[in-house]
Amino acid sequence: MHWTILGAGAIGCLWAAQLQRAGASVGLVLRSPERLAQFQSRGGVSLIDDSGETFCPLSATLAATPRPIEQLLLCTKAYDSQAALESVWHRLNADSRILVLQNGMGSQQQAIERAGNDRVLIGSTTDGAYLRAPFEVVHAGHGETAIGRFDSTAATLPDCGPHFGLQLRQDPAIKTTLWRKLAINCAINPLTALYGCRNGELATVQAYSRALDALCEEFEAVARARGIPLFDGPLRDQALLVVRTTANNYSSMLQDIRHQRPTEIEQITGFLCNEARLAGIDVPHNRAALQQVRQLQHNRGIVSPSTSASPKSLSN
Ligand SMILES: NC(=O)c1ccc[n+]([C@@H]2O[C@H](COP(=O)([O-])OP(=O)(O)OC[C@H]3O[C@@H](n4cnc5c(N)ncnc54)[C@H](OP(=O)(O)O)[C@@H]3O)[C@@H](O)[C@H]2O)c1
């Protein structure tokens, strides 16, 4: 099976390198001729992990290439997902399979609506990776990738080769897994972006912890109303646990703001606010956080491709 990676950022390069190392056939789809030229001057991806640095030779093309796609990994940022999928639509056929691996919610449902439930697997990962330079990925945190179907029907894990270096898990409740990740992201990401702080400060600065409590209580009310089971204990305890274990980290949302990149706020807090509206629940603290992050992006001159798009409900 040939893998096509759409979104050659941190996660895309991590998967591409690991697939190549596992002996799978894999290629990247790049967004522009400039990116392609940049890639071709090196001809592969560098993977930096515990065992050092490995160069993984790969091919790359532009979306317009006619080669049919067997297995697509869609791992752009969530706000780029729809446009990216459209760009390769002519290369997909009835046998093509798509694995959507993104944070937040809304983009998964869009892919299913476009390609049909049977062709789409949904993933949620706790791996951590970042690009040291274009096409040079650091595998900073080893986690696992849960994979399943949105409607909870049986899903077989895609073939990544016998020696694939990332941990995969079949997840019959992937929607719940995504909601749980969303819950943690809703609690931590907007606040760290707005306060400009490390994760740990949400536990040590009293005013920040109170803000986190308020976001969590609202989230729990919405999840209850939508019939989504979260954690055994209160969400705030779970969020504070994550905050303490990642105390020195800067959240991805804060890093996006600092690097002048759009955040995934629409697919995170925006999604939650939309779900709350559908459930008839007021979530003033989350609404305020959404508006403030939008304002922060605006003030920094960051144009988000999805600011005007209202994330879709996934509960039905
Ligand atoms: N990084 C992590 O540790 C991590 C962990 C868990 C979940 N996630 C989630 O995984 C997803 C991907 O994250 P990431 O960190 O890998 O993001 P990223 O580093 O920003 O990479 C996204 C890549 O998508 C490319 N792209 C966007 N639109 C495209 C298009 N139309 N055609 C081709 N390429 C396109 C971008 O290309 P350009 O470079 O040309 O802009 C960029 O290289 C996000 O939803 C994120 O929240 C990430």
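In β7, Val100 is the bridge partner of Leu74. This pair belongs to a predicted model. Strands β6 and β7 run parallel to each other and are joined by four bridges. Strand β7 is mostly covered, with five of its five residues buried. Both of its faces are covered. Arg97, Leu99 and Leu101 are buried on one side, and Ile98 and Val100 are buried on the other.

The chain as a whole contains eleven helices and twelve strands. Its C-alpha atoms fill a box of roughly 50 × 40 × 35 Å along the principal axes. Of the 316 residues, 43% are buried. Among contacts with a separation of 6 or more, 69% link residues 24 or more positions apart.

Strands β6 and β7 sit within an open sheet of eight strands. The order is β5-β2-β1-β6-β7-β8-β11-β12, and the pairing is mixed. Strands β5 (59–62) and β12 (167–170) stand at the edges. Each has a single partner strand, so one side of each is left without a neighbour in the sheet. From one strand to the next, the twist averages 25°.

Elsewhere in this sheet, strand β1 (residues 2–6) runs parallel to strand β2 (residues 25–30), and five bridges join them. Ile5 has Leu28 as its bridge partner in β2. Helices also pack here. Helix α4 (residues 107–115) lies across β6 (71–74), β7 (97–101) and β8 (120–125). Its direction is at about 170° to β7. Helix α5 (residues 174–195) packs on the sheet as well, where it touches β8 and β11 (144–148). The direction of α5 makes about 35° with that of β8.

A further open sheet has four strands, in the order β4-β3-β10-β9. Its pairing is mixed. The edge strands are β4 (52–57) and β9, and each pairs on one side only. The twist in this sheet averages 25° from one strand to the next. Strand β3 (residues 44–49) pairs with strand β10 (residues 136–141) in the parallel sense, over three bridges. Within this pair, Ser46 has Glu136 as its bridge partner in β10. Helix α1 packs on the sheet and touches β3, β4, β9 and β10. Its direction makes about 95° with that of β9.

The ligand is surrounded by 28 residues. Gly7, Gly9, Ile11, Gln102 and Asn103 are the closest. At least two residues of the shell come from each of α1 (10–21), β2, α3 (81–87) and β9 (128–133). By type, the shell divides into 13 nonpolar, ten polar and five charged residues.

Thr156 lies in the loop between β11 and β12. It counts as exposed because it has 9 C-beta neighbours inside 10 Å, and a residue is exposed at 12 or fewer. Thr156 and Leu6 are 150 residues apart along the chain, and their C-alpha atoms are separated by 21 Å.

Notes: Residues are numbered from 1 along each chain as its sequence is written. This is a predicted model: local features need pLDDT of at least 70, side-chain atom pairs count only at pLDDT 80 or more; totals for chains, interfaces and linings use all residues. A residue is buried if 20 or more other C-beta atoms lie within 10 Å of its own, exposed if 12 or fewer, and partly exposed in between; C-beta atoms are placed from the backbone. Two residues are in contact if their C-beta atoms, placed from the backbone, lie within 7 Å. Two strands pair if DSSP finds at least two bridges between them. Axes are lines fitted to C-alpha atoms, for helices over the stretch in contact, and angles run from 0 to 180 degrees between N-to-C directions. A residue is near a molecule or strand if its C-beta atom, placed from the backbone, lies within 6 Å of it. Ala, Val, Leu, Ile, Met, Phe, Trp, Tyr, Cys and Pro count as nonpolar, Asp, Glu, Lys and Arg as charged, and the others, Gly among them, as polar.
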